[in-house]
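Please read the following note with the sequence and the model open side by side. The points are meant to be checked one at a time against the structure.

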Amino acid sequence: MKSKPILLSLGIVFILAVYNVNAQNNKKPNIIYIMSDDHTSQAIGAYGGRLAELNPTPNIDKLAKEGMLFENTFCTNSICTPSRATILTGQYSQTNGVLDLDGSLPPEKQYLPRELKKLGYSTAIIGKWHLKEEPAAFDYYEVLRSQGDYFNPVLRTTSKGKWPQNEVQYEGHSTDVITDRTLNYLKNRDKSKPFFLMHHYKAPHDMFEFAPRYADYLKDVEIPEPPSLYNQPYFGSEATVGKNGKLRPVIGTSVSERHIASNYVQKLLKDSVSGNLATHLAYQEYLKRYLRCVKGVDDNLGRLFAYLKKEGLWKNTVIIYTGDQGMMLGEHDFIDKRWMYEESMRMPFIVHYPQKIKTESRTDLLVNNTDFAPTVIELAGGKTPGYMQGKSFINTLNGKTEENWRETTYYRYWMHNIHHWVPAHFGIRSKRYKLIFYYAKHYLPESEWKNFYWEKKLRSLGYNTPVAWEFYDLKNDPKELRNRYNDPRYKTIISEMKSALKKQRSDLNETDKAYPEIQKIITDNWNK
């Protein structure tokens with residue numbers, strides 16, 4: 001007779017255990033979205049590029065090994081302010097209104113934190129903001145003033161008064177300070193709610209001011225160099241290299257002495273050397289400074305991850321790691337971003353969530369940064385709002401197949417020859433092919449844009465950029481070394497890509513109806 005109470009007790013214990021497991025599984029996850037500025041996939045070991053042998057990112061690599069790495073994530077406009085606006089709105093640049101670095105994002109358009117708050121989350125952003133207006137849609141913020149300083153940064157803080165006078169200065173390197181402020185937020189957060197935290201580093205944005213403790217990191221190491229740094233005879237078009245190479249001295253800030261007004265030999269070397277030796281020395285210095293900033297980011301993420309584990313937050317927290325765009329690290333003898341070329345357009349994207357994502361997962365799904373907000377919202381238990389143009393890839397995270405997914409991703413860079421002498425262009429990329437159209441005109445009236453420093457300087461040197469197409473077969477030419485636009489073997493696929501490009505521009509509200517001078521250029525040159 002005594003066995004019945006024992007069995008009953010065991011049954012109750014079992015039911016409670018199942019209930020607790022189900023309750024834990026149904027609990028909304030915390031979400032930490034980590035983004036570094038200009039941290040490109042070439043400089044993350046998990047992506048296996050030429051720099052992987054240097055082991056620059058062991059903490060990020062481990063995060064990727066324990067989660068899912070996205071191989072084909074791309075920016076829709078590879079420059080800081082527009083990319084951040086796209087991530088927060090789930091919309092392309094022309095829809096959210098942030099076309100270039102002069103754009104700003106008002107609180108009513110800061111959609112992602114607004115949607116997360118509807119789902120019961122406390123929301124915060126700490127670090128780089130760069131969208132000018134107050135991040136008032138967040139419950140809490142501590143953001144860098146404008147671009148921010150590497151050392152002794154000033155942060156504008158929710159609790160210190162009215163924007164933009166609500167400033168506090170901290171001592172130290174910005175990467176350390178931002179991590180410190182995030183840890184402070186996590187310790188003092190509202191523990192009655194799940195949290196959504198955007199943790200944004202300034203590093204490794206140029207000019208790569210690293211913390212002094214990294215001065216000897218990679219000091220005696222030879223950094224692998226891209227072959228196209230020295231030689232790219234079939235690359236580009238008249239828009240990017242000019243007829244018979246005429247534009248090579250003025251398009252795209254260079255590592256070598258190629259660019260007559262902006263190159264890293266001039267910026268970084270004191271010795272009077274020239275030619276390939278100068279290029280080599282400048283590249284080595286450029287990359288070591290960059291990677292020292294990357295090392296600071298990775299080490300600080302180690303601090304953040306250790307805290308999450310110590311506090312029991314690791315398993316129920318979605319951790320996303322990405323950069324706000326890619327970065328040219330000497331490929332084609334270019335530095336900076338803006339270009340639609342792979343190294344600039346491609347974004348690293350890693351998701352870690354032990355409760356849902358299988359370890360060592362990889363996907364080649366074609367994703368862009370309009371998809372980030374929809375996916376975060378659905379991870380939080382919501383539905384993608386109709387006003388967002390991106391799509392959630394939560395099925396992929398759950399090990400399932402996406403239905404009716406895009407076959408190409410659209411790109412547009414609006415800032416014609418404003419910085420680093422990069423001409424305005426748009427295009428699409430599929431998994432195999434890339435089509436780019438350089439249309440050689442700023443969207444502003446000529447009376448305004450022709451007096452911008454970079455464009456004025458270009459003209460003063462006797463140059464202008466023509467209209468041209470470029471086409472790359474990424475399967476046979478993954479480094480984009482040969483423009484195949486005039487190769488008759490690709491005539492059919494180029495025609496199909498143009499049709500897809502035209503349709504996407506219409507579907508995504510990315511046409512030039514508001515810019516008739518640009519539209520005329522497009523019409524006149526579409527079939528050339």
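**Notes on helix packing and buried residues**

1. Thr 175, Asp 176, Thr 179, Asp 180, Thr 182, Leu 183, Leu 186 and Lys 187 in α6 meet Gly 296, Val 297, Asn 300, Arg 303, Leu 304, Tyr 307 and Leu 308 in α8, where contact means heavy atoms within 4.5 Å. Sorted by class, the contact of α6 with α8 has six nonpolar, five polar and four charged residues; here Ala, Val, Leu, Ile, Met, Phe, Trp, Tyr, Cys and Pro count as nonpolar, Asp, Glu, Lys and Arg as charged, and the others, Gly among them, as polar.

2. Before going further, please note that this is a predicted model, in which local features need pLDDT of at least 70 and side-chain atom pairs count only at pLDDT 80 or more, while totals for chains, interfaces and linings use all residues. Residues are numbered from 1 along each chain as its sequence is written, and side-chain values use heavy atoms, with hydrogens and water left out.

3. Two packed helices are described by the angle between their axes and the distance between the axes. Helix α6 (residues 174–188) and α8 pack at an angle of about 15 degrees with their axes 9 Å apart, which makes α6 roughly parallel to α8. The axes are lines fitted to C-alpha atoms, for helices over the stretch in contact, and angles run from 0 to 180 degrees between N-to-C directions; angles under 35 degrees count as roughly parallel, over 145 as roughly antiparallel, 65 to 115 as roughly perpendicular and the rest as oblique. Helices (H or I, at least four residues) and strands (E, at least two) are DSSP runs, numbered from the N terminus.

4. Helix α8 (residues 275–310) also meets helix α2 (residues 58–65), and their axes come within 7 Å and cross at roughly 50 degrees, so α2 and α8 are oblique to each other. On the α2 side the contact is made by Pro 58, Asn 59, Ile 60, Lys 62 and Leu 63, and on the α8 side by Asp 298, Asp 299, Leu 301, Gly 302, Phe 305 and Lys 309. These residues divide into five nonpolar, two polar and four charged.

5. How many of the residues of helix α3 (residues 80–89) are buried? The count is 10 of the 10, so α3 is largely enclosed by the rest of the structure; buried means under 20% relative accessible area, exposed over 50%, and partly exposed in between (1.4 Å probe, protein chains only). The buried residues of α3 pack against β1 (30–36), α4 (93–96), α5 (111–118), β8 (195–200) and α10 (372–379). Just after α3, Gly 90 takes a positive phi of about 70 degrees.

6. A search of the whole structure finds zero disulfides, a disulfide being a pair of cysteine sulfur atoms within 2.5 Å. The sulfur of Cys 80 lies 9.8 Å from the closest cysteine sulfur, in Cys 75, which is too far for a bond, and Cys 80 is buried at a relative accessible area of 3%. Cys 293 is likewise in no disulfide, with the nearest cysteine sulfur, that of Cys 80, 15 Å away, and Cys 293 counts as buried at 1% relative accessibility.

7. Trp 469, in strand β18 (residues 468–473), is buried with a relative accessible area of 6%. Not counting residues up to four places away in sequence, Trp 469 touches several residues, including Ser 237, Phe 437, Tyr 485 and Trp 526.
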